[in-house]
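Visitor: I have a protein to look at and some terms to learn. Please take me through both.

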Amino acid sequence: MDPARPEDETGRSPGGRPHRRSHTTSADVARYAGLFAQRTTVMRSSAMRDLMEITSRPEVISLAGGLPDTSTFPPDSFAAQMTRIAQESSAKALQYGPTEGFAETHEVIEEVMRAEDMRPDPGDIVVTTGGQQALDLICKTLLDPGDVVVAEGPTYPGAVPVFCSYEADTRQVEMDDDGMRVDLLEELLAELDREGRRPKFIYSVPTFQNPGGVTLALERRRRLVEIAREREILIVEDNPYGLLRYAGETLPTLYSLDGGDYVLYVGTLSKILSPGIRIGWVCAPPPVRAKLVLGKAATDLCTSTLSQYFVREYFAEGDWLAYVDELRDVYRSRRGAMLRALASYFPRQATWSQPDGGLFVWATLPDYIDTTDLLAKALRENVAFVPGAAAYADGRGSGSMRLNFSAQTEEEIVEGIRRIGAVVGEQVGLYETMTGSFEVVQPEEQDDPSTSSAARSGGDGANPGPASGDVLPFHRKPLRD
Ligand code: PMP
């Protein structure tokens with residue numbers, strides 16, 4: 001107890017001024033427990049949010065968050081844009097706005113979507129408070145408790161708490177190097193048919209998937225859209241990273257392949273401008289859009305007017321694609337640094353994805369390593385990642401981890417991977433000593449130059465170790481630039 005603020009038995013300081021408790025007691029828990037809605041029992045916290053406090057410490061190298069590098073945005077331009085707003089539109093920028101967003105914001109969104117060859121109907125757009133709110137509103141609009149949602153396995157770790165809080169029955173379909181295994185999706189849909197169940201929607205991050213780092217191949221995109229049409233199931237395409245391509249050919253979005261009948265498209269300015277402004281959007285056919293607007297009005301009335309004014313000013317300058325180019329250059333180099341560091345410092349039993357864009361690499365370790373336990377050890381070495389279990393609704397993923405390469409400098413990325421590699425190496429060594437399993441390595445395997453550590457640290461980030469773990473044994477492609 002703070003001796004400067006002695007309290008009486010009511011928890012109030014003498015003078016009646018209430019103050020915060022230093023901790024929650026079991027009596028507090030019991031007092032509120034009976035009041036909670038049933039759904040709170042299945043709510044889950046977000047692994048990234050949980051880690052934020054620890055990872056914000058300056059001594060921690062965080063490869064955990066999905067943070068873009070906002071230090072690349074020129075402060076002078078920001079100051080000039082905000083000054084113009086204050087001088088020219090102060091009263092309006094500080095006022096409430098329409099729930100669906102300003103027409104000028106819709107025009108910006110159309111321009112961003114056109115850069116990926118999409119032509120949305122302006123009447124289909126709702127501005128949201130980040131892509132995250134779009135996901136929440138979609139679930140609020142479409143899901144009753146127990147409804148089936150199909151997602152990739154692993155899926156965006158921030159979507160798992162959303163699906164859980166709407167009490168969805170989330171089924172996850174395995175991926176490989178080419179994204180979701182659409183053949184397995186069809187098997188799952190057939191199985192659900194037999195149970196008399198139909199998913200409300202299929203959630204996909206087809207391009208530079210978070211967390212998998214893989215991209216859905218064109219043929220699979222076409223088939224996925226066909227399946228949605230044939231079965232009249234909605235697809236939710238979440239595409240924060242489409243413009244952050246560092247290698248390879250651009251692919252059409254699911255939205256452009258479908259034309260917007262069965263695909264609800266979720267976009268955001270978080271990764272190409274700023275996550276702090278919280279501007280995202282959803283494009284949906286009018287009947288769905290109308291419900292989303294009702295849901296949004298109940299949640300927050302409207303998305304920040306001030307942020308929308310900033311976006312309008314920023315895009316009016318006409319340089320936004322040049323800034324995206326800059327980001328691409330920075331992230332491309334950081335991706336290279338991470339892939340080379342993985343090849344140098346991760347043991348040969350590990351595998352990882354080779355992303356052509358986006359912000360993440362997904363690494364899979366031998367299945368005797370639980371990455372949630374490993375994180376505690378890594379934090380002692382002042383380095384963080386997202387444990388793979390956060391990307392599954394059903395407890396799978398414990399052999400994998402998500403590694404971010406946008407938020408740290410190349411030097412920090414290399415050092416971070418070196419530290420994680422050291423804790424992984426310790427676990428592998430311990431396991432091999434305890435089980436004697438290192439003895440099974442054949443002499444010819446050891447002599448194979450492609451599996452020697454010298455070759456593995458040699459440059460392109462290709463990782464020839466055998467796949468293991470319960471999920472996603474990604475195969476390795478040569479790194480393309
Ligand atoms: N979807 C995906 C796949 C994401 O990676 C993110 C952010 N990490 C979001 C949605 C939410 O982003 P925001 O709310 O900042 O737009």
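Predicted model: local features only at pLDDT ≥ 70, side-chain atom pairs only at ≥ 80, totals over all residues.

Visitor: What makes a run a helix or a strand?

Guide: Helices are DSSP runs of H or I with at least four residues, and strands are runs of E with at least two, numbered from the N terminus. The protein chain has 16 helices and 14 strands.

Visitor: Why do S10 and S11 count as paired?

Guide: Two strands pair if DSSP finds at least two bridges between them. S10 and S11 (residues 360-364) have two bridges, in the antiparallel sense. Thr351 stands opposite Thr364 in S11.

Visitor: Why are S10 and S13 at the edges?

Guide: The open sheet has four strands in the order S10-S11-S14-S13, with antiparallel pairing. S10 (351-352) and S13 (386-387) each have a single partner strand, so one side of each lacks a neighbour in the sheet.

Visitor: What makes a residue buried?

Guide: Buried means 20 or more other C-beta atoms within 10 Å of its own, with C-beta atoms placed from the backbone. Of the 481 residues in the protein chain, 44% count as buried.

Visitor: Which residues are closest to the ligand?

Guide: Near means a C-beta atom, placed from the backbone, within 6 Å. The ligand is surrounded by 14 residues, and the closest are Gly130, Gly131, Gln132, Thr268 and Ser270. Helix H5 (residues 130-142) gives the most to this shell, with three residues.

Methods:
Residues numbered from 1 in each chain as written. Buried ≥ 20, exposed ≤ 12 C-beta atoms within 10 Å, placed from the backbone.
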